[in-house]
Each structure stands twice: as C-alpha cells, then as structure tokens.
Amino acid sequence: MCGIVGFTGRQNAAPILLDGLKKLEYRGYDSAGIAVMDDNGITVQKVKGRIANLCEKTKDGEAVPGFTGIGHTRWATHGAPTEENAHPHLSNDGRFAVVHNGIIENYSTLREELLADGYHFESETDTEVIVHLLEMYYNGSIREALIRTANRLSGSYALGVISSEEPGKIYAVREASPLILGVGIGENYFASDVTALVNHTRNVIYLEDGEFAELSESSIKIFDVLGQEVSKKPTRVLWDVQAAEKGGFEHFMLKEIMEQPGAVKATIAPRIRDGKVVFEELQGILPYLADIRKIIITACGSAYYAGCAGRYALERLTRIPVEVELASELRYSEPLIDDTTLVIVISQSGETADTIAALKECKTRGARTLAIVNVVGSTVAKLADYTIYTWAGPEIAVATTKGYTTQITVLYMLSVYFSDHLWRLTVPEETLTDMLMELPRRIQQAIDMNPTIPALAKKYHDHKALFFIGRNTDYATALEGALKMKEISYLHAEAYAAGELKHGTIALIEEHQPVIALCCNPSIMEKTLSNIVEVKSRGAEVLALTFRNNQKILSTADDLLFIPDVDALFSAVIEIVPLQLLAYYVAKENGCDIDKPKNLAKSVTVE
Ligand code: M6R
C-alpha cells in the first residue's frame, strides 16, 4: 500500500523523487523518505507525516545532492508511523538502502536469525530484514545478493535498492506488488504507479512477479527469478497527464465525481456498434457461454458493492444465477467452483491482495475468469483469462467514485452482451443499448439537479450516526453510499436492507436520527415508503433519494435528493452520484482530509 520511486540520470535525483512521491501519496501518507547517492555515499532523509514535511526538511530536495536515488511514502503495517520506521532503511555498513511496498510474512524468523548473526535493527518494520540480508549476501555482486535475498523472503514486495558499491545504479524487484519501469533518454525510473512517471516519460515496462531490473542512466536490464536476462519492450502510456492533476477542483474526489459522465461514456461508447454491445476482448468466451451454470462476482470494498449492484441486471438478463462474494472470504471458503463457473473479478487498481488471491484460488479450481479492471497491465488484468478495462482514467482520491460507476457500467454491458449471445433477450437489444448510451447524460443530470447538497451536508454533518436504507439495487447503492460516507467523513454510517429494519435495527431509531432512504425502484417503492413511515413515526428525520415526480415520497420525507428518470434495471449507476456528493460535502463540513482519509490507502496490496 506504500508508494516507491527510483531515479538515475544526470540531474539531481531528490527533486524528481519528491515529485514522484507526491503523485504516489494517495497510496500511503504517514511518513516518507528518500535515499540519494553521490561520491560520498548514501544520504537518507526521513520524516513523519506528509511529503510536504520531507520537501521542507530537504529544501525541496536541493539539500540532498546526487544523481541516483530511491524514495518511499508509507502506509504503516509493521511498526508505528515514526521517523525510525519510515523508509528507506540502511544496512549496518551504510552501503545499501532499501524501500519496500508489501509485507514480508516471514520477517520475524529472519529478524531472529539476523540478530543472532550480530546485525542490529533501527526500526520495527518487516522491511529492515531485507537490507541486512543484502549486506549479508553481498559478495561483490548486487545481482547475486538480490537473488539470494529474494529467495529468503515470503510475502509480497516491490523493492527499490541502491548501493554505494555501484554508483549510478538502481535496482527494482517485484513479487506480488506493482512495479513499473520508466524508460527515459539518458535517465531511467521506477515507480509503483505510472502516475509518478508520466511527467518524465510515457514509455514504460511492467515488471512481472519474480523479475528484477538493473537500471543505469543509459540502460535497463531485466532478469528472471534465476538471474537470466529477459527482453521486454516498453509500452506507451496513452492517457493525458492532466488527468492525474486536480484541474482547479479543491479535491481529487470532487474532480473524479464530476468526471463520471465522461468516464462512463468512455467505457460504453467504443463498445456499442449498430445497436449491439460488442466486447472484442471476450470473443474467446462465447463458445463456452452456454455451459456456464453459475456466475460468481468477487471483489473488495466498493468494487464488491459494484458487484452487488450489477448483479441484478446480470441475473435478470442472462437468467444465470449470480453470487457476489467478498474476495477476502471467498479465498478461504473452499468455494464450490468448476469449469461451469464464470468468476468475475472486479478491481479498480488490479492490485488488491485479497482479490488477487481469490482469483488465483478460483483459477486453481478450474473456473473461467473475467476481470473488470481500471489499471492497464495490473496483476488482476494479467492473471484473468479475459479482461475488460473500465476506461475511467487515473483515480487518485482514496474513495473511489468513477472507478465504481464504470465497474457497474461494465456489468450492465456484460449483462446485455451475454444475454444476446445466449438468445435470452426479451426486448430488442437496441432498446437496451439506447438506455446505456443515455447513462452519461443521466449522471450529469443527477449532478445538476441536486444543488442543495452542500446545505443538506450542513444539516446532517454532526450527527453521531447515519442509516441508509433501500431494497434490491437501492440496497446495493445504500451499502456503497454508507461506505463513502464513513470512509471520508468518519461518521458512523451503516446500510440496511429496508425490510430488515424491523428485525433489530429499528431499535436504534430515536428522535432526529437521520435515515437516508433510497427509493428509486418503482416496483418496490411502496414497501420502502412503509419503512420510511415506520422510522418517521419513531422520530427519524428522513432524507429520501428519489425521482422528482414521486409525490408520495416527496410529501413524506423531510429532505430530498433527486435522480432523473431512469429504468430501475440501470439506475444504481445514477443513484450513487448524489450520495457521493453528500459524503463529500459532509466530509468537508467536518474538516476531513477528503482525498487521503485517515488509516486508508488507495491500493490495498496487503491482506
Ligand atoms: O482497487 P480495488 O477496486 O480492488 O479496491 C477495492 C477496495 O479497496 C476499494 O474499493 C475501497 O473500498 C475504496 N476505498 C472505497 O472507496
């Protein structure tokens, strides 16, 4: 969940490392550090807290001379967020410095062994064992020492290494954590994410698990796990550099909410031709489609809720039973899966550890696997049999918005595509593709028709708890709405299936308790309305999300959020938008750090 960068070339490394770390700060932000090498050896500078503190301490990098270096921004796993535990870590002899993203699972055994051999530790981190192993195994060849060190490590790691033994070189090692090399002219880079590279180069190489790279200013050599050199061609990053900047918005989250009409359009438009959904990337699955007996959707967090929301359309249109499972549960549940099961894995980052593990588990059991992923070349994208990209562009805010809506959009499109190829469509496909093509405009309307949200946020921001209720797709959206609220505003927010209230939760309803009621599905509106009346008669204040012409709800609720008219089959992707905005403005009222909520990281690459 941390971010790492490396640079070697003919310019001062520190300012470039700091710039890269700022782009990676969404991955972890409790402490940061850089190690830079010049003729006098390695200098390490570390701080507790944000990259801004490191910029201040190093005078924007000017105080740390040298053309070669590595950097790190941390999300603490082992050891508190202190300066001692911040990376880079130095070997006892000062010849090696290491940055690490991931978790070394066998670190305590290694630590015992290294302590017995006389190495001393400066930190409580799992990472520090790596730098001492490097020192221990170094016998004139860093490559050799790296292979021997990597052979001792269990867990996940993306490593960056420099050594005063080889000035001008940086090493990068990957095992189950993202790592990308940036190919420059007279300079080369590595980073956890392309966002840290695109200001310098658009030519990148994605390292695979088990590979490591040796970079100098003029060359990049890549080796496999045995130390055999492998040849890899760079690929070109196509997206716009501006996409990873705030572009005048106060927060990335707000920018990304506003980008949703465009992101959903970019996801849909290239895949609709002559009134039909076309997934060229799925041609290989078509011969097996009729054999699929069950679909399992698996993911974590919001991606899981996207699965919950998309499941209704998938089941309704394909008539194939769909289960939605949390990846962290599925991986340990000995799932009943075989080659008649299609497993759909959803991940914005494509690097979520539990999602990757669930995907591997399902593959081992013979399932066909299909990934819905935003980050091109990510681990999930590479592991799955088939991959559909959500073209949301880079998502920087920790709380996902456009990642989530584009995931649901792909599930809607898949529903139509599969249903057509199974001959199960009961309405003309063109009617459905017209509805899909309308979604971007409807999302924009959902943004435009709710100017009262900042005022509602002022009213609701200082309650102890917020309850979200709904049924079917409204319930799925309530789950995501509550997650958005709690992760960025720190309010206790929970979602309940409205019909479940009477089975316990209604005991919590008291005078002025806010209840956010989602009423966007006409077929069950009356049922939710009854639940609204029940909580109101116990003193709750109800903020209802519904259509403008829904007179019954309008006259019953205390406050209102609106969505435009849209068929319930595809409404979840619209409904969430006002709830994202509500969470954003409540968090703003509460003075929260919206793009980097406490204790969270964008990409959860540890279990
Ligand atoms: O990158 P992924 O989609 O696999 O991430 C899954 C979750 O970690 C993610 O959706 C998380 O719940 C977000 N912070 C929610 O906003």
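**Cysteines and a domain contact**

Biologist: Which cysteine holds the sulfur closest to that of C300?

Modeller: This is a predicted model, where local features need pLDDT of at least 70, side-chain atom pairs count only at pLDDT 80 or more, and totals for chains, interfaces and linings use all residues. Side-chain values use heavy atoms, without hydrogens or water, and residues are numbered from 1 along each chain as its sequence is written. The sulfur of C300 lies 12 Å from its closest cysteine sulfur, too far for a bond, and that sulfur belongs to C308.

Biologist: Thanks! How many disulfides does the structure hold?

Modeller: A disulfide needs a pair of cysteine sulfur atoms within 2.5 Å. By that cut-off, the number in the structure is zero.

Biologist: Is C592 buried or exposed?

Modeller: Buried means under 20% relative accessible area, exposed over 50% and partly exposed in between (1.4 Å probe, protein chains only). C300, at 22%, is partly exposed. C592 has 13% relative accessibility, so this cysteine counts as buried.

Biologist: On to the domains: how much area do domain 1 and domain 2 bury between them?

Modeller: An automatic or database assignment sets the bounds, giving domain 1 (3-244), domain 2 (270-447) and domain 3 (449-589). The contact (heavy atoms within 4.5 Å) takes eleven residues from domain 1 and eight from domain 2. Buried area is the accessible area (1.4 Å probe) that two parts lose on being put together, summed over both. With 59% of it on carbon and sulfur atoms, the area buried between these two domains is about 880 Å².

Biologist: And which residue forms a salt bridge with E208?

Modeller: Between domain 1 and domain 2 the count is one salt bridge, meaning a side-chain nitrogen of Lys or Arg within 4 Å of a carboxyl oxygen of Asp or Glu. With the closest N and O atoms 3.5 Å apart, the partner of E208 is K382.
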